[in-house]
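Please look over the sequence and the model below before reading on.

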Amino acid sequence: MDSDPKQTQGGRSYGYTGGYAGYSAAGYGGEDDGSGAHRTIKDYVLILRERIWYIVVAFLVVFSSAILYTLSQTKLYDSVASVQIFRRDPTIMQVQAVMDNEIRSAEDLNTQVKILESASIIQKVSERLTGDDLRRFMAPYELENASEPPLPFKILAENRKIIPLRLSLLIQINYRHPDRLVAARVANLFVDEFITYNARVRIDESMKAVEDLKSRADDQRKKVDELSVKLQAYREKNNLVSLDQRKDIVTEKLKALNLYLTQSSARLKDAEIRWKQVQERIAAAGDLAELPFISGQSSIGPLLQQLAAQKIATAQLKDRYRDKHPRMIEAANALSQTERELKRATDSAAASIESEYQTALRNERGAGAALKQAEADSLDLDRFQVEYANLERDFKINEQILENILARARETSMTSTIETQNARVVDRAVPALKPSSPKIALNLALGFVGGIGLGLAFAFFVAMIDDRVKSSFDIESVIGLQLVGVIPQMKKMEHAEKAQVVVNHADRQVSEAFLTLHSALRLKDESKHAKCMLVTSTIPGEGKSFLTTNLALTFAVHGERVVIVDGDLRKPTIHKGLKLENTKGVIDVCTGNMPLDEAIRHSEHANLDVLTSGGRAKNPTHILNSKNFELMLSELRKRYDRVFIDTPPLAAVSDALIILPLVDGSIFTIFFNKVRRKAAQFAAGRLLNANVPNYGAVLNGLDLAVSGYYYAQYYDKSYKDYYIVKSAHDKE
């Protein structure tokens, strides 16, 4: 199982940050200040010192490439011409131009820049390069690409640069060419072609506008003629030759008819009243002569007077004569005759009144009808006038449009022949005195900086991907174990010599390293009083058996009774280092085939006994889990001051974890620059999770050539005098 990359050991907390760091503990077995190891500037310097050749090689490659590139480049010359863009075209005539070239904003100026950069300008410039100019222009490129030289258009596009000057209306045209005279010539051609191009575009647009205006004028003239014909036809159709005079006649007629209707209505009303009175008298059998308008007639008035006189005369005669009297009869006949005449006269007057009423009624109706007809005629005339006015207005508007088009066409035709420019040349290009490319100083500076930068980056990249354990930071912060000892790399020697180096003094520095480790283990109470210690590693070949034998010999030299137990029942090596036979040992004791006393071997060194494995076990985990193995360790604890057990690597098998609960603590062996951090972290995590004290890690095989990068405080050149083996004549 994976262990937490953050482990706690002995009150110390470590977190993985990767990379290198210096040793942060106070010393072997010493306590730190409680703060986790962290990377400093010195650590980065150590990374670079270790990989200085990576940096040197990368620097030399890049810097040499920069030099070769600079020396191999063709010399190029830059020529610059500048042109000023006018904010607006020069005003020669107060007429509106066809094209609006006024520069109002940055977008307008940028448009002119893009015109300078356009393919049209490049094409025109390439067309103007002819004869000797073209041969000189193409000569350098034909030499470089003899088989298929590039086209002039492509060369022009790649080597010209348009540069608008900030906060101004100036534009620079830069052209680069191996021939300085050609560079100046082409830059000037770009300026001239730009000015010519704008003038040509303006003239072309003006001529197009004139043609378009003429076409529009012809169309408009046809439309005006059509409206004129239509207006005349409408006038003839509706008899509108003199529309205003006819309108006056109709208006006067309306006034007269309106007055006549008013009068007729008044007469009708009077006649109607008299006629109604007559009808009422007739219906009531009344005397019509009593009506004033009847009695007032000339024919009825005398009859009424005559009748009244006759009635008076008859009354007088009646007083004198009887009815049958001739004078009475004559008077009565005369009275009747007068009454009959009065009746005829009143009837005639009534008929006359009726006739007046009927006449007034007909006159009033006739006047109303005539007025309506006159009003209808007036409305028709108004409608005709509106339609006529619309036609006339359309005619006048289109006639005015025609006049405007003709006037604009004359103005445009006049201005198209006037040459105006929206730009002028400020500085013409001159041949450059010195080449602009290659920039020797800049290229060398870039090569120098780039070489160092690439070298540093490469060194840090290699350091980043190199995850092998090599520094105290890796051990303490990544793996999570305290570094208690550092064993330097040994010179080549036999296996047996290495296993007993602390007593044969074959390598004085290694001997001193084990003495330091011995002192570090005795400084802490846990390791000082521990009787049974387990030694293991992550992978094979990290020197755990070498560490076990030499550490045991160191304790034995200091007067303690020590026994080495070869717990690696799969691949035992302890007997080889101590030059012992492996015919009996742990396997025989645990299986009950041999008593412990018989299995223990007494070595040639004082205070040191060895219990070899007794061969290779077919089922090592069964033996290590047996009760006899536990009893054997218990018995060894009673007999010896120290029991060192050599076990298989943790990454390969779990034998060490089986033995771990039976010991007082463990020591973890790490070979310098061999095991990877993740693997060592995983193996150390398994040790820490067992809740059995770990006394720390021992770094084995430290290369003294790079020891100064990581462990300068332990292996400095100034210490060498202390490691010289004393001769027989040296005194204490």
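Asn673 sits in the loop that runs between strand 13 (665–671) and helix 25 (677–688). The model is a predicted one, and in it Asn673 has a positive phi of about 60° although it is not a glycine. With a relative accessibility of 25%, Asn673 counts as partly exposed, because that class covers values between the limits of 20% and 50%.

Lys579 is another residue with a positive phi, here about 55°, and is likewise not a glycine. The loop that holds Lys579 lies between helix 19 (574–577) and helix 20 (586–591). Is Lys579 buried or exposed? Its relative accessibility is 66%, so Lys579 counts as exposed.

A further backbone feature concerns a peptide bond. Ser437 and Pro438 are joined by a cis peptide bond, with omega at about 0°. Pro438 belongs to the loop between strand 6 (423–427) and helix 12 (440–465).

Helix 12 also takes part in a helix pair. Its axis and that of helix 2 (residues 52–72) come within 7 Å and cross at roughly 155°. This makes helix 2 roughly antiparallel to helix 12, because angles over 145 degrees are classed that way. The crossing of the two helices is right-handed. Sorted by class, the residues in the contact of helix 2 with helix 12 are 18 nonpolar, six polar and no charged ones.

The next topic is the interior. In soluble globular proteins, nonpolar side chains tend to be buried together. In this model, the largest nonpolar core has 49 residues. Which residues have the most contacts inside this core? They are Leu611, Met632, Leu636 and Ile670. Helix 25 supplies the largest share of the core, five residues. Apart from this core lies another, of 34 residues, with Ile121, Met138, Ile171 and Val186 among them.

Arg185 and Phe137 are 48 residues apart in sequence, and their C-alpha atoms are 9.7 Å apart in space. Asn188 is also found in helix 7. Its relative accessible area is 12%, so Asn188 is buried. What is Asn188 in contact with, leaving aside its neighbours within four places in sequence? The contacts of Asn188 are Ala81, Arg428 and Ala429.

Last comes the chain as a whole. The protein chain has 26 helices and 14 strands. Of its 732 residues, 43% are buried. Among the contacts in the chain with a separation of 6 or more, 79% are between residues 24 or more positions apart.

Note on methods. Residues numbered from 1 in each chain as written. Predicted model: local features only at pLDDT ≥ 70, side-chain atom pairs only at ≥ 80, totals over all residues. Heavy atoms only, no water. Helix = DSSP H or I, 4+ residues; strand = E, 2+ residues; numbered from the N terminus. Buried < 20%, exposed > 50% of the residue type's maximum accessible area, 1.4 Å probe, protein only. Core = buried A, V, L, I, M, F, W, Y, C linked by side-chain atoms within 4.5 Å. Axes fitted to C-alpha atoms, helices over the stretch in contact; angles between N-to-C directions. Parallel < 35°, antiparallel > 145°, perpendicular 65-115°, else oblique. Left-handed = near helix turned anticlockwise from the far one by under 90°. Nonpolar A, V, L, I, M, F, W, Y, C, P; charged D, E, K, R; others polar. Contact = heavy atoms within 4.5 Å.
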